[in-house]
Amino acid sequence: MDIKQMRYFLMLAQELNFGRAAEKLHITQPPLTRHIKALEDELGVPLFVRTPKGAELTESGRALLEEVPNILALTQRAEERAQLAQEGFIGRLDVGFFSSGVLNAIPRILGGFHKRSPKVKIGLYNMTKAQQIVALRERRISIGFNRLVPDEEDLAVEVVLREPFLVALYKGHRLCAQDSVSLQDLDDEPMVVYPNAPLYGLGQEIAAAFRAEGVRFRVEQDSEDIVTCLALVASNFGVCITTQSAETLRLPNLVYKPLKSRALRDIELCCMYRRHDTSPILQAFLTQVRQFSAED
C-alpha cells in the first residue's frame, strides 16, 4: 500500500463517486479504478461496493478510512521535517563562546538565528579557546567564537566584527578626566589582566603592545573572565584594557575611556568551525553570522 493509493482511496471515500474523485485528483477515471482495484487485491478485501449513484464503503473500507488520514498526515509531517532539516530549520546547534564575547555580538547573532529557525535547539558552552578547538575536533560543538584564533589546517575561521579597545578605570582615577587614554598614560600603572589562559590571547596581545611602545607593563592581578576583571577594577585593584563589548557591563564605580595606541587599534571577533562541515544547520547559522557581519 503506497502513498498514492492511500490518497486515491481517501478521496474516493470522501466523494463516494469515481467520476468526482477522479476530477478532484486531476486524473481520469480509469487510472483511479485501477489503483483502487490494485489496493483491494493487495489487502485481499473489497473496500467499495459500486452503486447506481457511485460507491459505498464496505466494513473493511470504513476500517481503513479510520487510519488513512493519520498515516497521510504523518507522512506529510515527515516530508516537511526532512525538508526543514535540509534547509537548516530544525535540529541542534552546539556553540562554544567565551565570557566577554557573550556581552554583545554573540547574543545578537543567536537571537537573529533563533528568530529565523525557532525549532533548532541551541546548546551554549562557555569554553576557552583551547577547549573550543578540541571540542570542534571531537564534534562536541559545531562552531566556536573567540579572538586571536590560531591558524589550524582543519578549521575555517571567519571574522565576525572588529572592536576598538577601551580602558576601564575606577571612578576617581586620575585618568578619568581625560577624553582618551594612551599606553604612555598607563606606564607602570597597576593593571588587571584577562584572560589567564595558556593559548595566546588578549593578555599577551596587550603585553606585546606595551613592549612595542616601550611602556612598563605592571600586572597587579590576573583573572580568567571579564566580569571578575571589571569587578576588580571597580574595587580599585587597578585598571584594565578591554574591548568595546565590555562597555555593556555598567558596574558601579566603573568608567570607560577610548584607548589611543599604535599597536592596539582594534581586535577581531572570529567564528571557527570544521572546514568541511556541510551540516545544513551550520550553513544556515553561518548565513546569519555573515549577515550580522555585513550589517554591523
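User: What average pLDDT does the protein chain have?

Analyst: pLDDT is the predictor's confidence in each residue, from 0 to 100. Here the protein chain averages 89, and 96% of the residues score at least 70. This is a predicted model, where local features need pLDDT of at least 70, side-chain atom pairs count only at pLDDT 80 or more, and totals for chains, interfaces and linings use all residues. Residues are numbered from 1 along each chain as its sequence is written, and side-chain values use heavy atoms, leaving out hydrogens and water.

User: Where is confidence lowest, and where highest?

Analyst: Helices (H or I, at least four residues) and strands (E, at least two) are DSSP runs, numbered from the N terminus. Confidence is lowest in helix H4 (residues 59-86), with a mean of 81, and highest in strand S7 (residues 181-182), at 96.

User: Which residues of H5 are buried?

Analyst: Buried means under 20% relative accessible area, exposed over 50%, partly exposed in between (1.4 Å probe, protein chains only). In H5 the buried ones are Ala105, Ile106, Ile109, Leu110, Gly112 and Phe113. They lie on the same side of H5, because their arc around the axis is only 160°, taken from the directions from the helix axis to the C-beta atoms.

User: How many residues does the largest nonpolar core have?

Analyst: A nonpolar core is a set of buried Ala, Val, Leu, Ile, Met, Phe, Trp, Tyr and Cys residues joined through side-chain atoms within 4.5 Å. The largest has 37 residues, and Phe210 and Leu230 are among those with the most contacts inside it. H8 gives the most to this core, six residues. Apart from it lies another core of 25 residues, including Ile106 and Phe292.
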